[in-house]
Amino acid sequence: MQITISLFTPFAAYLIAERLHVSGVLSVVAAGMFLGWHSPVTLGARTRLQAYAFWETIVFILNGFIFIAIGLQLPGILQNLRGSSLALLIGEGLLISGVVIGVRILWVFPATYIPRWLSPKFRRRDPASPVREVIFLAWSGMRGVVSLAAAFALPLTLANGRPFPGRAYILFFTFCVILTTLVFQGLTLPLLIRKLGIKDDGLTDEEERAARLEANRAAIEFLEENTAIASVPQEVVQRLRTEYGERLEQLQACVKDHDNRGGGIATRNYQQLQRAALGKERDAIIRLRNANVINDAALRRIQRDLDLAEARLQEA
């Protein structure tokens, strides 16, 4: 039910915004950001696992569908523009694309440095990035589905029934901007990264490790404070405490392992060995199923646990 509601939420956000005569596309983006912030609290673990897989598939299909749609509509758009020179239209499209790229570059630098010049408190809390990283950010403004959706959201006709003026031009120039930024900026971005010498600072990995350590310490602290719970056998509490203790040791080992920079929950040797052990478990249950010792339902239950265990292991 929650996944179904999440599927209809963007449509509801869009239609309500259109009724209020504001941007439906920006309303959907805002609703997505709001739900993305609150979903770790509002959704259960099972729902989140299913929702991630569901939305990954939906996003892939929608991205492909939208670009196929613009490709299919392009001949019709060009037919509506048949009174204009194609060379002139392409030139204007490249000019508009250049303006879009230039405006982003001119906006990123003041937006990065001016607030920090004006607010010492903001500067201390969030220091400005090095110039090379700001250059990288300014150049990575590729346009895509949101720009295309905003152009497609324009009505075909006005309230009086007349065609929307310039709609074909808007769609064509939007297509030009998307194509130019995706191809030109997208293909030159790796070269720019190498030229600027930008490397991953590992900040996200360090934050992930710190958060995992804090979460496991919180769990161990909870178990130590509740060792005297009468309804729970002490051997169960001790076993769970041992499990968390071993996980904490692995996380601490990852911090000391210079070869493990991925923010993983286990060292590379541990990952490789556990992945091999999971493979042997999988082979064993398949043999039992083939020998009719267990049925398909039992196989799927065990296989799901093995898949979740393997999913927790990052690629070595």
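**Entry 1: helix 3 against helix 7**

I looked up how helix 3 passes helix 7 and recorded a left-handed crossing. The model is predicted, and I read every value below with that in mind. Two packed helices are described by the angle between their axes and the distance between the axes. For this pair I noted an angle of about 50° and axes 11 Å apart, helix 7 being residues 145–152.

Helix 3 contributes Asn63, Ile66, Phe67, Ile70 and Gln73, and helix 7 contributes Val145, Leu148 and Phe152. By class I found six nonpolar and two polar residues in this contact, with no charged residue.

**Entry 2: helix 3 against helix 8**

I next turned to helix 8, which comprises residues 167–196. Its axis and that of helix 3 come within 10 Å and cross at roughly 130°. The two helices are therefore oblique to each other. I recorded this crossing as left-handed.

On the helix 3 side I listed Phe67, Ile70, Gln73, Leu74, Ile77, Leu78 and Asn80. Their partners in helix 8 are Ala168, Leu171, Phe172, Phe175, Ile178 and Leu182. I noted 11 nonpolar and two polar residues in this contact, and no charged ones.

An α-helix has 3.6 residues a turn, so residues three or four places apart point the same way.

Gly76 lies in helix 3, which spans residues 45–80. I recorded Gly76 as partly exposed because its relative accessible area is 32%, a value between the limits of 20% and 50%. I also checked Gly76 against Val28, 48 residues away along the chain, and found 28 Å between their C-alpha atoms.

Setting aside neighbours within four places in sequence, I listed its contacts as Ile101, Ala138, Trp139, Ser140, Gly141, Met142 and Thr180.

**Entry 3: helix 10**

I checked the length of helix 10, residues 234–256. At 1.5 Å a residue, its 23 residues should span 33 Å, and the end C-alpha atoms are 33 Å apart, so the two values agree.

Which residues of helix 10 are buried? I recorded Val237, Leu248, Gln250, Leu251 and Cys254. Their cover includes helix 9 (203–225) and helix 11 (268–290).

**Entry 4: positive phi in two loops**

The phi of His21 is near 60°. I placed His21 in the loop between helix 1 (2–19) and helix 2 (24–42). His21 is exposed, as its relative accessible area of 73% shows.

Asn292 has a positive phi of about 60° and is not a glycine. I placed Asn292 in the loop between helix 11 and helix 12 (296–311). At 68% relative accessibility, Asn292 counts as exposed, because the cut-off for exposed is over 50%.

Terms used: Residues numbered from 1 in each chain as written. Predicted model: local features only at pLDDT ≥ 70, side-chain atom pairs only at ≥ 80, totals over all residues. Heavy atoms only, no water. Helix = DSSP H or I, 4+ residues; strand = E, 2+ residues; numbered from the N terminus. Buried < 20%, exposed > 50% of the residue type's maximum accessible area, 1.4 Å probe, protein only. Axes fitted to C-alpha atoms, helices over the stretch in contact; angles between N-to-C directions. Left-handed = near helix turned anticlockwise from the far one by under 90°. Contact = heavy atoms within 4.5 Å. Nonpolar A, V, L, I, M, F, W, Y, C, P; charged D, E, K, R; others polar. Expected span 1.5 Å × (residues − 1). Parallel < 35°, antiparallel > 145°, perpendicular 65-115°, else oblique.
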